[in-house]
Amino acid sequence: MATIGDNLRDILFAGIGAVAITAEKGKEVVDVLVEKGELTVDQGKQLNQELKRKAVDAEKGVRESAVEARMKAMTPEERNQFAAIVAEMAARQNAEDAAKADEEAEVEVEVEAEVVDVEPEEEKAEPAEETQEAE
């Protein structure tokens, strides 16, 4: 029997696949129209961005509908279990994001601390030699 996590994963993968296919096919259509001269490159880019946005919106709607349909089939105990699993996943992801942000901030501080404006020793020695040659 499939678990709640398996069903959620399947729903998410289906949504991601739908967006990927839609975006890919939309780009192909736009590219063909640009090649035929029916669209300018700028119009093609704008149309492609609009298609991607619509695909993401459609995928979101499908994903939410699928989750809602699945939750309707659950018992109250299963819904509570599902909510706990999702809350745990969200907390784990939030912690990972915060740790990553902290690491990036530390690296940025270290890089700034290492940047020092130092003149090479050879350049410092040259003026002394020029002074001796002038005498």
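A residue is called buried when its relative accessible area is under 20%, exposed when it is over 50%, and partly exposed in between, using a 1.4 Å probe and protein chains only. By this definition Arg53, at 42% relative accessibility, counts as partly exposed. The structure shown above is a predicted model, in which local features need pLDDT of at least 70, side-chain atom pairs count only at pLDDT 80 or more, and totals for chains, interfaces and linings use all residues. Residues are numbered from 1 along each chain as its sequence is written, and side-chain values use heavy atoms, with hydrogens and water left out.

## Overall architecture and confidence

The chain contains four helices and zero strands, so that helices (H or I, at least four residues) and strands (E, at least two) are here DSSP runs, numbered from the N terminus. Along the sequence the pattern reads α-α-α-α. Of the 135 residues in the chain, 12% are buried.

A contact means heavy atoms within 4.5 Å. Among contacts between residues at least 6 apart in sequence, 57% join residues at least 24 apart.

Confidence is expressed as pLDDT, the predictor's confidence in each residue, from 0 to 100. Its mean over the chain is 76, and 76% of the residues reach 70 or more. Confidence is highest in helix H3 (residues 76-114), at a mean of 84, and lowest in helix H4 (residues 121-134), at 52. Where pLDDT is low, the predicted coordinates should not be read in detail.

## Nonpolar residues inside and on the surface

A nonpolar core is a set of buried Ala, Val, Leu, Ile, Met, Phe, Trp, Tyr and Cys residues joined through side-chain atoms within 4.5 Å. The largest one in this structure has five residues: Leu8, Ile11, Val67, Met74 and Phe82. Leaving aside residues up to four places away in sequence, Ile11 touches Arg63, Ala66 and Val67. In soluble globular proteins, nonpolar side chains tend to be buried together.

Some nonpolar side chains lie on the surface instead: Leu12, Phe13 and Ile16 form a nonpolar patch there, with about 300 Å² of accessible area together. Patches are made of residues with over 30% relative accessible area and no salt bridge; like charges are joined within 9 Å, and nonpolar side chains (Val, Leu, Ile, Met, Phe, Trp, Tyr) within 5 Å. Ile16 belongs to helix H1 (residues 4-36) and counts as exposed because its relative accessibility is 52%.

Gly15 also lies in helix H1, but Gly15 is buried, because its relative accessible area is 3%.

## Salt bridges

A salt bridge is a side-chain nitrogen of Lys or Arg within 4 Å of a carboxyl oxygen of Asp or Glu. The structure holds three of them, listed below.

| Pair | N to O distance |
|---|---|
| Glu50 and Arg53 | 2.5 Å |
| Asp57 and Arg53 | 2.9 Å |
| Arg92 and Glu88 | 3.5 Å |

Arg92 and Glu88 both lie in helix H3, four residues apart, which is about one turn of the helix. Arg92 is partly exposed, because its relative accessibility is 43%. Salt bridges that share partners join Glu50, Arg53 and Asp57 into one network. Glu50 counts as partly exposed at 31% relative accessibility, and Asp57 is partly exposed at 41%.

The C-alpha atoms of Gly15 and Lys60, 45 residues apart along the chain, are separated by 7.4 Å. Arg53 and Val19 are 34 residues apart in sequence, with 9.6 Å between their C-alpha atoms. For Glu64 and Leu12, 52 residues apart along the chain, the C-alpha separation is 9.7 Å. Glu64 is placed in helix H2 and is partly exposed, with a relative accessible area of 46%.

Note on methods
Accessible areas come from the Shrake-Rupley method with a 1.4 Å probe; for residues, only the protein chains shown count as cover.
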